[in-house]
Each structure stands twice: as C-alpha cells, then as structure tokens.
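This report walks through one protein chain, from its overall layout down to single side-chain contacts. Keep the sequence and the 3D view open while you read.

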Amino acid sequence: MEVSTGKGGAWVSCGVTAPEYRVACWGNNGRIPSDDAGRKLDPHPGVAFAQLSVGDEFVCALRKDSGHAMCWGSNWYGQITPPTAPAVAYLQVAAGSYHVCAIRADNRLLDCWGDNRKGETDPPEGATFTQITSGGFSSCGLLVGDSTAR
C-alpha cells in the first residue's frame, strides 16, 4: 500500500490498497466523500490506481491502466482539474496544499496546475525529473541524470 497524508489542515490520509489498487482514505476531512460512519469513500469504484497524493482537502491519483490523473475533493484553485487535453500519461503525481505537479511519461517534464500565487505551478523550464515531492506552497524534484534537487 502506498500512503499519502494531507497538507495544511486536511487531517486526512489515503492509500492505494494491494492487490486491488483501490483508494482508501481515513481521518477527518469534510471535502473527501464519506459514508455515515465517517469512512472515506473511493469516488471511482472499479478504477485501479497506481499512485496517489493528498493535498489540502483533495486527492490526485494516477490510473493504473493509463497513467492519467484523476483528482477529487475541494477545487478552490483548480487543483483537481489537470490541464492536459487529451489526457496525458504520468509517472508520478505530487500534491501540495492547493497545487499539483506530475511527471509526464512521454518526456519526464512536469505539468503543474492549481494555485500559483507563490509560483507553485511554474516548474523549471525544460527540466526533466525522476522523482518529485510537493508540500505546502512548493515542489522539489530530482533531475534526470543528476542527483541535484531543484
């Protein structure tokens, strides 16, 4: 199981279960759908996910079959609306408080969306990444062919 915890005041954690690749969430968060007992519901039953990341009252996950990003929860800054049409395959997704960045499978460049009040969705131009992480109002990553974090 991969696990991600919420940012800011989200107080929620989610994971991808094995071997079903389903999303399971727990904790206190009114924006992620829950049943009457307070258990967080997977809003996409029947969809298998490979990886996920939790932001402040939202979740973004990558479909196991296609790598396409699917996001749900609060959308104050467009953080649950990936910018690409048609959908692009991603290798990894990382959510900050109100923004998301994802590594594209076709060229390892970053696509970022959501809040950009502090430059959160402006990745280094032309930089390719092997891994990324986001938290609060920033993102960092490891560059391809370099152990330098940017």
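## Ground rules

This is a predicted model; local features need pLDDT of at least 70, side-chain atom pairs count only at pLDDT 80 or more, and totals for chains, interfaces and linings use all residues. Residues are numbered from 1 along each chain as its sequence is written, and side-chain values use heavy atoms, with hydrogens and water left out.

## Overall layout

The chain has zero helices and 11 strands. Helices here are DSSP runs of H or I with at least four residues, strands are runs of E with at least two, and numbering starts at the N terminus. Read from the N terminus, the order is β-β-β-β-β-β-β-β-β-β-β.

Of the 150 residues, 43% count as buried. Buried means under 20% relative accessible area, exposed means over 50%, and partly exposed lies in between (1.4 Å probe, protein chains only). The chain exposes about 7,300 Å², and carbon and sulfur atoms supply 51% of that area. These areas come from the Shrake-Rupley method with a 1.4 Å probe; for residues, only the protein chains shown count as cover.

Contacts tell a further part of the story. A contact means heavy atoms within 4.5 Å. Take the contacts between residues at least 6 apart in sequence: 37% of them join residues at least 24 apart.

## The β8-β9 hairpin

Strand β8 spans residues 99-104 and pairs with β9 in the antiparallel sense, over five bridges. Two strands pair if DSSP finds at least two bridges between them. Five residues lie between β8 and β9 in this hairpin. In the turn, R108 has a positive phi of about 65°. C101 has C112 in β9 as its bridge partner. Strand β9 covers residues 110-114 and is mostly covered, with four of its five residues buried.

## Salt bridges

How many salt bridges does a search of the whole structure find? The search finds four. A salt bridge is a side-chain nitrogen of Lys or Arg within 4 Å of a carboxyl oxygen of Asp or Glu. The table lists three of these pairs.

| Pair | N to O distance |
|---|---|
| R104 and D106 | 2.9 Å |
| R104 and D111 | 3.3 Å |
| R117 and D115 | 3.0 Å |

R104, D106 and D111 are linked in a network of salt bridges. R104 is buried, at 18% relative accessible area. D111 is buried too. D106 is exposed, at 55%.

## Aromatic rings

A pair of aromatic rings is described by the distance of the centres and the angle of the planes. Rings of Phe, Tyr and Trp (its six-membered ring) pair if their centres lie within 6.5 Å; planes under 30 degrees apart count as stacked, over 60 as edge-to-face and the rest as tilted. The count by this rule is five aromatic pairs.

Y77 and Y98 make a tilted pair, with 5.3 Å from centre to centre and 55° between the planes. This pair links distant parts of the chain, 21 residues apart: Y77 is in the loop between β6 (69-73) and β7 (90-95), and Y98 is in the loop between β7 and β8. Y77 counts as partly exposed because its relative accessibility is 35%. Y98 is buried, at 15%.

Y98 also forms a tilted pair with F137, at 6.2 Å and 45°. Here the partners are 39 residues apart, with F137 in the loop between β10 (129-135) and β11 (138-143). F137 is partly exposed, at 35% relative accessibility. Ring pairs join W76, Y77, Y98 and F137 into a cluster.

Two lysines lie over rings. The charged end of K118 sits over the ring of F137, 5.6 Å from its centre. K64 lies over the face of Y21, at 4.6 Å from the ring centre. The rule asks for NZ of Lys or CZ of Arg within 6 Å of the ring centre and within 35 degrees of the ring normal.

## A61 in strand β5

A61 lies in strand β5, residues 58-63. Is A61 buried or exposed? A61 counts as buried, because its relative accessibility is 0%. Leaving out residues up to four places away in sequence, A61 touches F49, Q51, L52, H68, A69, M70, W72 and V93. A61 and W72 are 11 residues apart in sequence and 9.0 Å apart in space, C-alpha to C-alpha.
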